[in-house]
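Please open the model in your viewer and keep the selection tool at hand.

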Amino acid sequence: MAEHHFEQEEVDRLKDWWRRHGHLLSIVFALGMISIAAWRGWGWYEDKQSREAAEIYDRVVIASSKADMPTLKQESGTLFEKYPKTAYAPLAALLSARQHVQAADFKTAATLLQWTIDRSKDEGLVAIARLRLASVMLEDGRASDALSVLDAMKSDKANASFDLSRLDRRGDVLMALGRRDDALKAWDEALEKSAEEPSWKQLLQIKRDHAVSAPGKSS
């Protein structure tokens, strides 16, 4: 009897606790379930967005390979507008920028490359976009702007694989600005880093030798 009485007291205490706290517990449980559902829903949404963006990107690649500018602009524009947060949008911007450069539309190419720099979360893509933007600006007669773009690149581990390209392009830009000595320094630094890159080393040495023999003012 005593044991039965003890169990009944525990049951009564549980009922009393539930009367006082059960509502709050139900709310916490419901919020937890909502959070789980929201997380799963967001994952499904992101996956759906990625699949749809991938299909459009395939059409961008095809249009780019055929130099089909109307289709390229339409499909890449859809990616930029509807799927800007996917990984495919900045890739499409790089492809589209290349085609605009070939069409000598440097302004549009620069806009697309800057869009990639501003939006992409991939450090490698951002570095590539900066290098290409500097080249576009140099081609468009904007050497000072190109130098600013290159100077904004971080010389760290994340961008170490792009150091040779950055220094090579920096030499080109500095030569365009009439700063031959600074250009030679950039190429010398690149040559030091190109020990295991014979093709790079040959190109850099040719540029350096040509710069030394070319007339021009020193900086």
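Begin by selecting Leu-79, which has its place in helix 2, where helices (H or I, at least four residues) and strands (E, at least two) are DSSP runs, numbered from the N terminus. This is a predicted model, in which local features need pLDDT of at least 70 and side-chain atom pairs count only at pLDDT 80 or more, while totals for chains, interfaces and linings use all residues. Residues are numbered from 1 along each chain as its sequence is written, and side-chain values use heavy atoms, with hydrogens and water left out.

Is Leu-79 buried or exposed? Leu-79 counts as buried because its relative accessible area is 0%, and the terms used here are buried for under 20% relative accessible area, exposed for over 50%, and partly exposed for what lies in between (1.4 Å probe, protein chains only). Now show what surrounds Leu-79: if its neighbours within four places in sequence are left aside, Leu-79 is in contact with Ala-53, Ile-56, Tyr-57, Val-60, Pro-84, Tyr-88, Ala-89 and Ala-92, contact meaning heavy atoms within 4.5 Å.

Next, select Ala-67, in the loop between helix 1 (2-65) and helix 2 (69-82). Most residues other than glycine have a negative phi. Ala-67, however, has a positive phi of about 55° although it is not a glycine. Ala-67 counts as partly exposed because its relative accessibility is 46%.

Move on to Ala-104, which is found in the loop between helix 3 (88-102) and helix 4 (106-119). Here too phi is positive in a residue other than glycine, with a value near 65° for Ala-104. With a relative accessibility of 51%, Ala-104 counts as exposed.

Now select helix 3 and helix 4 together. How do the axes of helix 3 and helix 4 cross? They come within 8 Å and cross at roughly 160°, where axes are lines fitted to C-alpha atoms, for helices over the stretch in contact, and angles run from 0 to 180 degrees between N-to-C directions. Helix 3 and helix 4 are therefore roughly antiparallel to each other, a term for angles over 145 degrees, whereas those under 35 count as roughly parallel, 65 to 115 as roughly perpendicular and the rest as oblique. Helix 3 passes helix 4 in a left-handed crossing, in which the near helix is turned anticlockwise from the far one by less than a right angle (right-handed if clockwise). To see the contact itself, show the side chains of residues including Leu-94, Ala-97 and Val-101 of helix 3 and Phe-106, Leu-112 and Trp-115 of helix 4. The residues of this contact of helix 3 with helix 4 divide into 11 nonpolar, four polar and no charged, with Ala, Val, Leu, Ile, Met, Phe, Trp, Tyr, Cys and Pro counting as nonpolar, Asp, Glu, Lys and Arg as charged, and the others, Gly among them, as polar.

Then select helix 7 (residues 163-176) and helix 8, which pack at an angle of about 165° with their axes 8 Å apart. Helix 7 and helix 8 are therefore roughly antiparallel to each other, and helix 7 passes helix 8 in a left-handed crossing. Among the residues that meet are Asp-163, Leu-167 and Arg-170 in helix 7 and Arg-180, Ala-186 and Trp-187 in helix 8. This contact of helix 7 with helix 8 is made up of eight nonpolar, one polar and eight charged residues.

Stay with helix 8 (residues 180-193) and select Leu-191, which has its place there. Leu-191 is buried because its relative accessible area is 14%. Which residues does Leu-191 contact, leaving aside its neighbours within four places in sequence? They are Lys-201, Leu-204, Gln-205 and Arg-208. The C-alpha atoms of Leu-191 and Lys-201, 10 residues apart along the chain, are separated by 5.8 Å.

Helix 8 passes helix 9 in a left-handed crossing.
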